[in-house]
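Dear colleague,

Please find below the structure that I am handing over to you. My notes on what was found in it follow directly after.

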Amino acid sequence: MQDQRGGARWPRGRGVLRAGAVVVPFRWRPLVVALVLFVLLCLAVVVSLSLGTPYVAPVDVVRSLSGAGTPYDLVVRDLRLPRAVLAAVAGAAFGVAGTLIQSVARNPLASPDVIGVTQGAGLAATIALTSGAAAVLVAPAALLGGLAAAVVVFALGARHGLAAQRFVLAGVAVAFAFRALIEVVMLTADPIDGLRAQVWLIGTLAGKGWSEAAWIAGTLAVLLPVLLWAGWALRSSTLDDDTARGIGLRPVARRVGLAGTGVLAAAMVTAQVGAVDFVALVAPQVARRLVRAERPPLLCAALLGALLLVLADLGARRLLAPTQLPAGVLTAAIGGPYLIFVLLRTRGRRS
């Protein structure tokens, strides 16, 4: 593109916004992909609100959401909408967390469930569920457990400026250690309590709604200024430390800030909906491929994570109806083939 006044020539696929003397270049493809994902997310939510017993026509769903008033207002707005909103908000939080952690680790296989955050939350929740603690304490315990696991990972990976490889290895070690402790707690617990903990560890949205969605959305709202900074800081995440310091950046502080933000988002969403695996792993890399960028795009990853979890929860509700599966079962079914694809793709590149 070239400015009509003979200005700078921009690469194909890029545009420019002008506000007086301020010129801001941007890429068209991420905006188009984000718009398409948003439309697909809205359609997925409408379908989720429509399917079930009773079936509600999509037109009636839209009318009910607009406040026009239909005989299905109770079903759509009170019974199904809270769960669909929770799925969208939780999926977006997983997408954000996965993007930040993968960018710091520089590894497409890094995610909260790989570096130990999910396992730390799971251990704390399992202890709470099997020790007779009040149900209201499970989510706070899981949040503290996830954050504690992150502190351990940061402590182990702090040498050499939180180097990417050391960070991932520390996370994997912590994840295995906490997973072993979870098994010990479940084996020594009452079978009924152990089953409750197992369902939580798989991750489910059943019986949850506005309260859990509000906690996750509130966390994202509080982190919004940091996320806006993260969207800019991720542009330099592919630079090595020497190059980053040479242009006046502080790579270690950036990695700590990005990873800490991702961990907080992951711990909060895991505390509310359980250990729903693979959404944080899959969403950033699929979004990156859709945008054709070197790093996962934050907004597109959030929208794709929301879309994946809404569809997974819909499938969990309807595939074996009236029996409801945990949403984590469906996300694992998505994540398994994705991991195989990544491994085969990596092997093909090395060949």
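Where does Arg 292 lie? Arg 292 is found in the loop between H13 and H14. Helices (H or I, at least four residues) and strands (E, at least two) are DSSP runs here, numbered from the N terminus.

Before the details, two remarks on the basis of the values. This is a predicted model, in which local features need pLDDT of at least 70 and side-chain atom pairs count only at pLDDT 80 or more, whereas totals for chains, interfaces and linings use all residues. Residues are numbered from 1 along each chain as its sequence is written, and side-chain values use heavy atoms, with hydrogens and water left out.

Overall composition

The secondary structure of the protein chain comes to 15 helices and two strands. Of its 351 residues, 49% count as buried; buried means under 20% relative accessible area, exposed over 50%, and partly exposed in between (1.4 Å probe, protein chains only). Among contacts (heavy atoms within 4.5 Å) between residues at least 6 apart in sequence, 70% join residues at least 24 apart.

Backbone features in the loops

Most residues other than glycine have a negative phi, and most peptide bonds are trans. Arg 292 has a positive phi of about 60 degrees although it is not a glycine, and it counts as exposed because its relative accessibility is 62%. Phe 278, in the loop between H12 and H13, also has a positive phi, near 80 degrees. Phe 278 counts as buried, since its relative accessibility is 18%. In the loop between H1 and H2 lies Pro 54, which is joined to Thr 53 by a cis peptide bond with omega of about 5 degrees.

Helix H1

Helix H1 covers residues 28–50, and its 23 residues should span 33 Å at 1.5 Å a residue; the end C-alpha atoms are 33 Å apart, which agrees. The expected span is 1.5 Å times one less than the number of residues. Among the buried residues of H1 are Val 33, Leu 37, Leu 41 and Val 45. Their cover includes helices H2 (58–65), H3 (73–105), H13 (279–291) and H14 (298–318). H1 is followed by Gly 52, with a positive phi near 145 degrees.

The nonpolar core

A nonpolar core is a set of buried Ala, Val, Leu, Ile, Met, Phe, Trp, Tyr and Cys residues joined through side-chain atoms within 4.5 Å. The largest one has 95 residues, and those touching the most other members are Phe 94, Leu 100, Phe 167, Trp 200, Ile 216, Val 273 and Leu 309. H3 gives the largest share of this core, 18 residues. Leaving aside residues up to four places away in sequence, Trp 200 touches residues including Ala 121, Leu 129, Val 138, Ala 271 and Ala 275.

Thr 99 lies in helix H3 and counts as buried because its relative accessibility is 0%. Beyond its neighbours within four places in sequence, its contacts include Leu 234, Pro 284, Pro 297 and Ala 301.

Pro 284, in helix H13, is buried with a relative accessible area of 0%. The C-alpha atoms of Pro 284 and Ala 301 are 17 residues apart along the chain and separated by 4.7 Å.

Thr 261 is placed in helix H12 (residues 251–273) and is buried, with a relative accessible area of 8%. Not counting residues up to four places away in sequence, Thr 261 touches Leu 100, Leu 223, Val 226 and Leu 227. Thr 261 and Leu 223 are 38 residues apart in sequence and 7.6 Å apart in space, C-alpha to C-alpha.

The second largest pocket

A pocket is an open set of points on a 1 Å grid over the protein atoms alone, where a 1.4 Å probe fits, with protein on both sides within 12 Å along at least five of seven lines; lining residues have an atom within 4 Å of a point. The second largest pocket is lined by 16 residues, of which Ala 135, Val 138, Ala 139, Ala 271 and Gln 272 lie nearest its centre. The largest share of its lining, four residues, comes from H5.

Kind regards
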